[in-house]
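Student: I would like to go through this structure and ask what lies behind the labels given to its parts. Please set each value against its cut-off.

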Amino acid sequence: MSDIANSPAIAQAAPIAPDTVNQAAAVPPKPWKVYQRWAFRIAFIFFVIMSIPTSWNWYTHLFTMDWVHLKYRDVYDIARFQPNLWNVDSESGRWGIASYASWVAALAIAVAGAVIWSLFDRKRLEYNLLYYWLRVIVRYRAGIGIIGFGYTKLFPVQMPYPSISNLHTNFGDFTAQKIYWLSIGIVPWYQVFAGIVEVGAGILLFFRGTAAIGAVLLAGALANITFVNFAYDGGVHIYASYFVLLGMFVLAYDIPKIYNLLVLERYTVPVHYYPSFSKAWQKYGRWALKGVTFLLFVFILFYLQMWNFLYDPYKQPVEKGLTGTRGYYNVTEFRLNNKVIPYSPLDSVRWQNVTFEKWSTLTYQVNRPVWLDLSNGGGSPKNDIDRNFELAGVAGGRRFFYYEADTVRQELSLRDKNRSASNQGRERQRRNATDRPNTSKKKDPPFVLHYERPSDTRIILYGLDQNKDSIYVILDKVDKQYLLSPSKLEAGQY
């Protein structure tokens, strides 16, 4: 640390006046005040902790991933880490303000470390170069992370267009965060605009000359997302405010100059301290690291995200659904163990309606509550059955099933998707009881229903359901016209 701080440096004066030419001159650094040195020591330790992965799973993923056959989720999982020094479920956001426990832990470590540092480094008068390198670390951490975050909006997969089942769910059966995410999903071009802002901010942060502009964009855009997630309980408030924090730290370096220029309206000459990369290996090494970062997180990740949008949507299942079945169906007849059950909105067993998506999801609604998935449907699930955005935040008794179709035998092999995201297990249904996720990681086997299609608008399902009860169901398709215009940016190939 001492060697770095004592490295030769250039104090570069960059006048704002248009008729002034930039000049570089060696300027003796001014001593810092005592409180500034203390604040820097705390900030240095704190932001280093905040900017590096603290989970062994991240490093395991980094060294075991297939670098020859990269997938979008591989690179995205490298970019999207955040400090987790406390066992907090940051995805669900159920802790509210207390979900920032890892930040408090990092600050406590930083304060303790600063005390020890001060005991051994009392004579140091300034930390200009260490401050420079700390800003580099934070700039690149923020840039890499927000580009990964922004690409999910630039190619609108973070908040998908509402599914058929969502369009037929009562407004009062959605959580607040689900309502917000669906409201963004129906306007994909707004989502694209947000992605352009985030990716643009990330790229600007990679260059020290444009870092302040990137920090303003980053802090402004992510502050809005932070407050939205607090208001709608979206569960991304920690990750969003994480970028606000990083952006504000980068911007803090230029705030005195900006204040002097814009508020006090004084002639301002910014002075920046840069390392003197005088040796060839330093120059080429710097550009090589910047080039690798650009190659992986700007160009390769762009291509992988585009491929993901076209063929493997982030939150939507990939497998194409049974041809010609997409739509909303009334349950014309329902038999349980050969007994006809007439329609009643209060019946806790009879299916009320059924939806088939363009992907391999079948849903039915029944008057019995199910476990409510309070996540935002994110993460990096690779298997269709684990992609839960369509059911996250949805109540009202609708059951979601992933299915595989055997068109020769005319069979649907179904698996329950109403499962806890934390244990990937599922609960066996119990009649007249609320369905709850179990704590076992063992997956129950699928159940098989046979299907017949007497016409294009009728489907008959029969067989043994997940409770081993015999069912016979006649479905008639409803030619439903929606006021919402179909999305022009449709993810996936179905």
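Student: Why is Asn 337 called partly exposed?
Tutor: The model is a predicted one. In it Asn 337 has a relative accessibility of 44%. Buried requires under 20% and exposed requires over 50%, so Asn 337 counts as partly exposed.

Student: Where is Asn 337 found?
Tutor: Asn 337 sits in the loop between strand S4 (327-336) and strand S5 (339-340). Its phi is near 55°, a positive value in a residue other than glycine.

Student: What makes a positive phi worth a remark?
Tutor: Most residues other than glycine have a negative phi.

Student: Which value of phi does Glu 265 have?
Tutor: Glu 265 has a phi near 55°, again positive in a residue other than glycine. Glu 265 belongs to the loop between helix H12 (255-263) and strand S3 (271-275).

Student: What makes Phe 40 and Trp 117 a pair, and why is the pair called edge-to-face?
Tutor: A search of the whole structure finds 45 aromatic pairs. For Phe 40 and Trp 117 the ring centres are 6.3 Å apart, and the planes stand at 65°. Centres must lie within 6.5 Å, and planes over 60 degrees apart count as edge-to-face; therefore these rings form an edge-to-face pair.

Student: Which parts of the chain does the pair link?
Tutor: Phe 40 lies in helix H2 (residues 34-51) and Trp 117 in helix H5 (residues 101-120), 77 residues apart, so the pair links distant parts of the chain.

Student: How do you know whether Phe 40 and Trp 117 are buried or exposed?
Tutor: Phe 40 has 6% relative accessibility, and Trp 117 has a relative accessible area of 10%. Buried means under 20%, so Phe 40 is buried and so is Trp 117.

Student: Which residues form an aromatic cluster with Phe 40 and Trp 117?
Tutor: The cluster also includes Trp 32, Phe 44, Phe 46, Phe 47, Tyr 127, Tyr 131, Phe 249 and Tyr 253.

Student: How do helix H9 and helix H10 pack?
Tutor: Helix H9 (residues 188-205) and helix H10 (residues 211-232) pack at an angle of about 145°, their axes being 7 Å apart. The crossing is left-handed. Residues of H9 in this contact include Val 197, Ala 201 and Leu 204, and those of H10 include Ile 213, Leu 217 and Ile 225.

Student: How many residues of this contact are nonpolar, polar and charged?
Tutor: The contact of H9 with H10 has 12 nonpolar residues, 1 polar and 1 charged.

Student: Which residues does Gln 493 touch?
Tutor: Leaving out residues up to four places away in sequence, Gln 493 touches Leu 310 and Tyr 311. Gln 493 and Tyr 311 are 182 residues apart in sequence, with their C-alpha atoms 5.8 Å apart.

Note on methods:
Residues numbered from 1 in each chain as written. Predicted model: local features only at pLDDT ≥ 70, side-chain atom pairs only at ≥ 80, totals over all residues. Heavy atoms only, no water. Phe/Tyr/Trp six-rings, centres within 6.5 Å; stacked < 30°, edge-to-face > 60°. Helix = DSSP H or I, 4+ residues; strand = E, 2+ residues; numbered from the N terminus. Buried < 20%, exposed > 50% of the residue type's maximum accessible area, 1.4 Å probe, protein only. Axes fitted to C-alpha atoms, helices over the stretch in contact; angles between N-to-C directions. Left-handed = near helix turned anticlockwise from the far one by under 90°. Contact = heavy atoms within 4.5 Å. Nonpolar A, V, L, I, M, F, W, Y, C, P; charged D, E, K, R; others polar.
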